[in-house]
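Hi,

Here is the structure I said I'd pass on. Have a look at it first, and then read on for what I found.

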Amino acid sequence: MKSLNKKPVIGITGYRGVLGSYFIKKYSKKFNFAKYKYDISDFNKLSNWYKKKKPEYFLHFAAKVPISFVEKNYQISKRSNLQGTKNLILLIKNDPNLKWFFFSSSSHVYKRSEKKLNENSITEMTNKYSKTKLLAERELLKLKNKKICIGRIFSFTSKNQNKLFVIPSIFKQLKKNENKIFFDFDSKRDFIHIDDICSAINLLMFKEAQGIYNIGSGKSYKIIEIVKFFSKKLKKKILIKKKNLGKIDTLTSDISKIKKLGWYPKFKFKKILLDYYNSKK
C-alpha cells in the first residue's frame with residue numbers, strides 16, 4: 001500500500017464480528033472503512049453497495065463460526081462462508097479500482113500434526129466449517145489477475161467472543177462454580193492475541209502481499225494451562241474430568257513466511273488470558 005494524502009477506502013464484511021470490530025477500532029484513524037451491513041449471500045445488495053463504495057482494499061471477515069454452529073447450521077453457514085465469497089469474486093475479478101483483497105481463513109483447514117504447520121502443510125476437510133473455508137480459498141486463488149491474500153488465522157479470543165470457543169467456555173464453566181471441567185486437556189492450540197492478528201493483516205495490506213500466510217504465535221499450549229490460570233485467578237478448586245480422545249490434537253503454526261515481511265507477534269499467551277480475565281471482572 002503506497003502512502004496517500006487521503007485515507008484509502010477499505011471495504012469490509014463482518015465489521016460487527018470479533019475480528020472486524022477490533023480491526024476497525026485499532027485503525028479507525030488510518031482508514032476510511034466502507035462497512036457492508038447486509039447478508040453477503042444477497043448478490044444484488046452486495047453489488048449495489050460495492051459499486052457505490054468503490055473500495056481500494058477489501059477485508060473479507062464475514063463468516064459463520066464456531067465449528068459447532070456450522071455443523072448444526074450448514075446451509076446457513078455455506079451461504080455466508082462460501083456463496084458470499086463467490087459473490088465477492090464476481091465483483092472484484094474485473095474491478096480495476098481494487099488493489100488488494102484479504103480473506104480471513106482458519107487454521108482448522110490443516111490436518112492435525114505434532115509438527116509445526118506451514119502454508120504447504122496437508123489440508124483436510126475434517127468438518128463442515130473447514131470445508132467452507134477451503135472451498136472459498138480455492139475459488140479465490142483462481143483469480144490470477146488480482147492480489148489475493150489468505151490469512152489462515154490460529155486460535156484467538158476477545159471479550160465479545162461466542163461462549164462456545166475454548167477460552168470463553170472454560171472461563172464460563174469456572175465462573176458458574178462448576179467444579180468439574182470437561183475438556184481434552186492434552187490437546188494443544190496455537191493461541192494468538194487479537195491485536196497481533198490485526199497488526200499482521202495491516203502489514204500484509206501495506207505490502208499488498210499475495211498468497212497464503214499463517215497468522216499465529218508459532219507456539220502451542222495445552223488446554224489445561226488455561227484451566228489452571230483461570231482457576232487460580234477466580235480462586236476455584238476444580239475436579240478435572242479428562243476426555244480420552246486418543247491421539248493428541250495439535251495445531252501449531254510455522255510463521256516463517258510472514259516473519260520475512262517484518263512481522264512477529266508481540267503478546268505472550270498469559271497476556272491473552274489476562275486480557276480476557278480483566279474484561280470479565
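Let me start with a charge and a ring: the charged end of lysine 257 sits over the ring of tyrosine 213, at 4.4 Å from the ring's centre. Keep in mind throughout that this is a predicted model.

On to the aromatics. Searching the whole structure turns up 20 aromatic pairs. One of them is phenylalanine 58 with phenylalanine 101: the ring centres are 5.4 Å apart and the planes are at 15°, so this pair is stacked. Phenylalanine 58 belongs to strand β3 (residues 57-60) and phenylalanine 101 to strand β4 (residues 100-106), so the pair ties together parts that are 43 residues apart in sequence. Phenylalanine 58 and phenylalanine 101 are both buried.

Tryptophan 100 and phenylalanine 102 make another stacked pair, with 5.9 Å from centre to centre and 20° between the planes. Both tryptophan 100 and phenylalanine 102 are buried too. They also turn up in a cluster linked by ring pairs, where they are joined by Phe23, Tyr27, Phe31, Phe33 and Phe61.

Next, histidine 60, which has its place in strand β3. Its relative accessibility is 0%, which means that histidine 60 counts as buried. What do the polar contacts of its side chain look like? One, of 2.8 Å, joins the side chains of histidine 60 and threonine 13; another, of 3.0 Å, joins the side chains of histidine 60 and threonine 85. If you leave aside the neighbours within four places in sequence, histidine 60 is in contact with Thr13, Ile40, Thr85, Leu88, Phe101, Phe102, Phe103 and Ser104.

You'll find it in strand β5 (residues 148-153). Is arginine 152 buried or exposed? With 4% relative accessibility, under the 20% cut-off, arginine 152 counts as buried. Its side chain makes a polar contact of 3.2 Å with the side chain of tyrosine 110, and the side chains of arginine 152 and glutamate 137 are joined by a polar contact of 2.7 Å.

Now for a helix. I checked the length of α7 (residues 194-207): at 1.5 Å a residue, its 14 residues should span 20 Å, and the C-alpha atoms at its ends are 20 Å apart, which agrees. How many of the 14 residues of α7 are buried? The count is 11, so the helix is mostly covered. The buried ones are Ile194, Asp195, Asp196, Ile197, Cys198, Ala200, Ile201, Asn202, Leu203, Leu204 and Met205.

Last, lysine 270, which is found in helix α10 (residues 269-280). Lysine 270 has 62% relative accessibility, so this residue counts as exposed. Between lysine 270 and serine 104 there are 166 residues in sequence and 25 Å in space, taken C-alpha to C-alpha.

Cheers

Conventions. Residues numbered from 1 in each chain as written. Predicted model: local features only at pLDDT ≥ 70, side-chain atom pairs only at ≥ 80, totals over all residues. Heavy atoms only, no water. Helix = DSSP H or I, 4+ residues; strand = E, 2+ residues; numbered from the N terminus. Buried < 20%, exposed > 50% of the residue type's maximum accessible area, 1.4 Å probe, protein only. Expected span 1.5 Å × (residues − 1). Phe/Tyr/Trp six-rings, centres within 6.5 Å; stacked < 30°, edge-to-face > 60°. Lys NZ or Arg CZ within 6 Å of the ring centre and 35° of its normal. Polar contact = N/O pair within 3.5 Å; in protein donor to acceptor, adjacent residues only side chain to side chain. Contact = heavy atoms within 4.5 Å.
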